[in-house]
Structures are given as structure tokens and as C-alpha cells.
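Here's a quick briefing to read with the structure open beside you.

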Amino acid sequence: MNGLKNALSFVLSGISVATFAAAGIVGWPQAVLMMVAATIGGYAGAPVARALPASVGRMIVIAVGTTMSAIFFWRAFA
């Protein structure tokens, strides 16, 4: 079932990319940078996560989540 879920996610993402690209609303330089960074993160993320102690990983997730929430809150009400 996990393989099916991943395949469906891939197909849906492909349809989304094709739709946005056909509409001409993709910023290609930024999109290519994001694709490269996502690929590097996908390959490097698991080994790095395994090497870190669980408490450090939790603190990173909490720090990033808190920072992003604060930024979004500030932008919404500023």
C-alpha cells in the first residue's frame, strides 16, 4: 500500500507541475533551485537524521516550527 500511495503522489504531483507549467505561472529559476535542494535533502536527510540524537532532532523541528509560525503570524497581522 505504501508503494501505491507513493505512486499516486507522484502522479498527482506530475499533473500539478504540468498544469502550472502550461499556465505559464512557474518561476523556473526558483523551481529548478527548489528541485535540486529537495533532491539533495531527500538523499542527505535520512543519514543526517540517523546520526543525530533524537533530542537534537526534536529541538530542530521545534525551533523551525516555532520560527515559521512566528513569521507567518507577524506577516498576517503586521
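This is a predicted model: local features need pLDDT of at least 70, side-chain atom pairs count only at pLDDT 80 or more; totals for chains, interfaces and linings use all residues.

The largest pocket holds about 240 Å³ of space, and a nonpolar surface patch covers about 660 Å².

**The largest pocket**
- Its lining is made up of S16, V17, F20, V26, W28, A31, M34 and M35.
- Two helices, α1 (2–23) and α2 (28–51), each put at least two residues into the lining.
- The top contributor to the lining is α2, with four residues.

- With its 22 residues, α1 runs 32 Å from first C-alpha to last, close to the 32 Å you'd expect at 1.5 Å a residue.

**The nonpolar patch**
- V48, L52, V56, I60, V64, M68, I71 and F72 build this patch.
- Helix α3 (residues 54–77) gives the most here, with six residues.
- One of the patch members, L52, is found in the loop between α2 and α3.
- As background for the spacing, an α-helix has 3.6 residues a turn, so residues three or four places apart point the same way.

Conventions
Residues are numbered from 1 along each chain as its sequence is written. Side-chain values use heavy atoms; hydrogens and water are left out. On a 1 Å grid over the protein atoms alone, a cavity is a set of points where a 1.4 Å probe fits but cannot get out, and a pocket is an open set with protein on both sides within 12 Å along at least five of seven lines; lining residues have an atom within 4 Å of a point. Grid points are joined across faces, edges and corners, and a volume is the space filled by probe spheres set on the points. The expected span of a helix is 1.5 Å times one less than its number of residues. Patches are made of residues with over 30% relative accessible area and no salt bridge: like charges are joined within 9 Å, nonpolar side chains (Val, Leu, Ile, Met, Phe, Trp, Tyr) within 5 Å. Accessible areas come from the Shrake-Rupley method with a 1.4 Å probe; for residues, only the protein chains shown count as cover. A salt bridge is a side-chain nitrogen of Lys or Arg within 4 Å of a carboxyl oxygen of Asp or Glu.
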